[in-house]
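Please look at the chain shown here. The paragraphs after it go through its layout, its helix and its side-chain contacts in turn.

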Amino acid sequence: MDWQFFGKKDFNVKKVFFTSFTIEPLIFDNDLNQDWWCVCIYASNNDQIRRAQWNLVSRRKLLLGNNWIIMGDMNKISSNRDKWGGRVRSENTFKDFKTL
């Protein structure tokens, strides 16, 4: 099988951590000769659960250092421009997502 990660073929997955809402592979990039983490998330659509999940990710980023990215379904939007139709939401409703 020919694996690619962000268009790269020259990498190794060193280990993978799992939580109930993330998959976190540690990638060794042979081109850059360094490790980095990819936090793949599927956040809850329940506000209270999602805030707890984001708090966990915020604490994790302190452990992961500078070489990491996050991607996935955050189940949240960052502004009214990110949605089609419906009522305009207060800017305050985007605050928790923007500070993640």
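Helices and strands are taken here as DSSP runs, with helices being H or I of at least four residues and strands being E of at least two, numbered from the N terminus. Read along the sequence, the elements of this chain come in the order β-β-β-α-β-α, which gives two helices and four strands. The model is a predicted one: local features need pLDDT of at least 70, side-chain atom pairs count only at pLDDT 80 or more, and totals for chains, interfaces and linings use all residues. Residues are numbered from 1 along each chain as its sequence is written, and side-chain values use heavy atoms, with hydrogens and water left out.

Helix α1 covers residues 47-64 and has 18 residues. The expected span of a helix is 1.5 Å times one less than its number of residues. From its first C-alpha to its last, α1 reaches 25 Å, close to the 26 Å expected. Its buried residues are Arg50, Gln53, Trp54, Val57 and Leu64. These cover an arc of only 100° around the axis, so they sit on the same side of α1; the arc is that of the directions from the helix axis to the C-beta atoms. On the face turned away from this buried side, α1 carries the exposed residues Gln48, Arg59, Leu62 and Leu63. An α-helix has 3.6 residues a turn, so residues three or four places apart point the same way.

Next come the charged contacts. Side chains of opposite charge can pair when their charged atoms come close. A salt bridge is counted when a side-chain nitrogen of Lys or Arg is within 4 Å of a carboxyl oxygen of Asp or Glu. The count by this rule is three. One of them lies within helix α1, where Asp47 and Arg50 are three residues apart, about one turn of the helix. Their closest N and O atoms are 2.0 Å apart. Asp47 is partly exposed, at 37% relative accessible area, whereas Arg50 is buried, at 2%.

Another salt bridge joins Arg60 and Glu24, at 2.6 Å from N to O. Arg60 belongs to helix α1 and Glu24 to strand β2 (residues 22-29), so this pair ties together parts that are 36 residues apart in sequence. Glu24 is buried, because its relative accessible area is 3%.

Lys14 and Asp35 also form a salt bridge, with their closest N and O atoms 3.0 Å apart. Because Lys14 lies in strand β1 and Asp35 in strand β3, the pair ties together parts 21 residues apart in sequence. Asp35 is partly exposed, with a relative accessible area of 27%.

Which aromatic rings pair in this structure? Rings of Phe, Tyr and Trp (its six-membered ring) are paired if their centres lie within 6.5 Å; planes under 30 degrees apart count as stacked, over 60 as edge-to-face and the rest as tilted. A search of the whole structure finds one such pair. Phe17 and Trp37 have ring centres 5.5 Å apart and planes at 15°, so the pair is stacked. It links distant parts of the chain, with Phe17 in strand β1 and Trp37 in strand β3 (residues 34-42), 20 residues apart. Phe17 is partly exposed, at 38% relative accessibility, while Trp37 is buried, at 11%.

Strand β1 (residues 11-18) also gives three residues, the largest share, to a nonpolar patch. Val13, Val16, Phe18 and Ile23 form this patch on the surface, with about 360 Å² of accessible area together. Val13 lies in strand β1 and is partly exposed, at 46% relative accessible area. Patches are made of residues with over 30% relative accessible area and no salt bridge; like charges are joined within 9 Å, and nonpolar side chains (Val, Leu, Ile, Met, Phe, Trp, Tyr) within 5 Å. The areas come from the Shrake-Rupley method with a 1.4 Å probe, and for residues only the protein chains shown count as cover.

Two loop residues remain. Asn33, in the loop between β2 and β3, has a phi near 55°, a positive value in a residue other than glycine. Most residues other than glycine have a negative phi. Asn33 is exposed, with a relative accessible area of 59%. Asn92 lies in the loop between β4 (68-73) and α2 (95-98) and is exposed too, at 55%.

Definitions and conventions: Buried means under 20% relative accessible area, exposed over 50%, partly exposed in between (1.4 Å probe, protein chains only).
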